[in-house]
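Have the sequence and the 3D view open as you read.

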Amino acid sequence: MTGALEVRGLSAGVDGKEILDGLDLVVSFGEVHALMGPNGSGKSTLCHVLTGKAGYRVSGQASLEGEDLLALEVDQRSRLGLLQSFQYPTEVRGVSLRDFMIEAAEERGLSEGEALSRIETEAARFDMTRFLDRSLNNDLSGGEKKRSEIFQIAVLRPRMALLDEIDSGLDIDAVKQVARAVEEMRAPDLGVLMITHYNRILRYVTPDRIHVMIDGRIVDSGGAELAEELEAGGYKAIRERLGLIETSSEPARRPADFFTDTPFDVK
Ligand SMILES: Nc1ncnc2c1ncn2[C@@H]1O[C@H](COP(=O)(O)OP(=O)(O)OP(=O)(O)O)[C@@H](O)[C@H]1O
Ligand SMILES: [Mg+2]
């Protein structure tokens, strides 16, 4: 099958440590998938390996629209339309967000005029206008950095967006704004893999599928009921149901204990 992100038997490791362990995942265009998993299960590593970050020993298969991603350089993967938003966006002094975005948009074939017009439109939508002339991510709060990431994705309009904890550190209004942006970005030619620890974003984004990743593999996939099972019993419940032996140092508490989830009903 082509026309999707297809990952088959993907393994990856660094000096003696295996992180991804024969991972299988398919995200079709037009769909939003959520990926949940305990700290250290390999979610960010999956994004890094797919986008081509150096330093990992990689085996298995990964393709986008039938193109073998693992055979391509980082910039070629990005030109194919594979884009990652970062869990920890880096600060770059001396390069303004506007110039950075113009260059990134031009690399994807937009004229400077088209790039500028999209930048202005999306900046207004994500309340980023006042950050356009500041150095990329410099001295932005955690939440502002995340908003900047989703703004960049909205400008660049990828084919497959890997959103790594786009909702972490956001206040409740910003979570709603980011969730709405993800829903608005939905398009027949865009796939989204959204990594999250929090059920709260799933109140505003309805993923087509939720995947649970443990120890470098997708161990279960399903609908909203999976997120509810996690909220109620944590990864321990999933492990017990699937007969998985605990090997990593997961927190003994339920994930819900860590949620900054707010009990009030936000419309
Ligand atoms: N370059 C590296 N060198 C050594 N260990 C690494 C490297 N990259 C990742 N790891 C380890 O691999 C495991 C998976 O890391 P990863 O960042 O993918 O987890 P994660 O699922 O994104 O976790 P979190 O929910 O905390 O963001 C962790 O134990 C991490 O310490
Ligand atoms: Mg991570």
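Start with Glu91, which forms a salt bridge with Lys145; their closest N and O atoms are 3.0 Å apart. (A salt bridge here is a side-chain nitrogen of Lys or Arg within 4 Å of a carboxyl oxygen of Asp or Glu.) This pair links distant parts of the chain, with Glu91 in the loop between β6 (82–85) and β7 and Lys145 in helix α5, 54 residues apart. Helices (H or I, at least four residues) and strands (E, at least two) are DSSP runs, numbered from the N terminus.

A quick word on what you're looking at: this is a predicted model, where local features need pLDDT of at least 70 and side-chain atom pairs count only at pLDDT 80 or more, while totals for chains, interfaces and linings use all residues. Residues are numbered from 1 along each chain as its sequence is written, chains are lettered from A and ligands numbered from 1 in the order in which they are written, and side-chain values use heavy atoms, with hydrogens and water left out.

Back to our pair: is Lys145 buried or exposed? Lys145 is buried, at a relative accessible area of 15%, whereas Glu91 is partly exposed at 40%. Buried means under 20% relative accessible area, exposed means over 50%, and partly exposed is in between (1.4 Å probe, protein chains only).

Now hop over to Glu120, which forms a salt bridge with Arg98, the closest N and O atoms being 2.9 Å apart. Here, too, distant parts of the chain are linked: Glu120 sits in helix α4 and Arg98 in helix α3, 22 residues apart. Arg98 counts as buried at 18% relative accessibility, and Glu120 is partly exposed at 37%.

One more pair to find: Arg186 forms a salt bridge with Asp208, with closest N and O atoms 2.9 Å apart. Arg186 lies in the loop between α6 (172–185) and β10 (191–195), and Asp208 in the loop between β10 and β11 (209–214), so the pair ties together parts that are 22 residues apart in sequence. Both partners are partly exposed, Arg186 at 28% and Asp208 at 39%.
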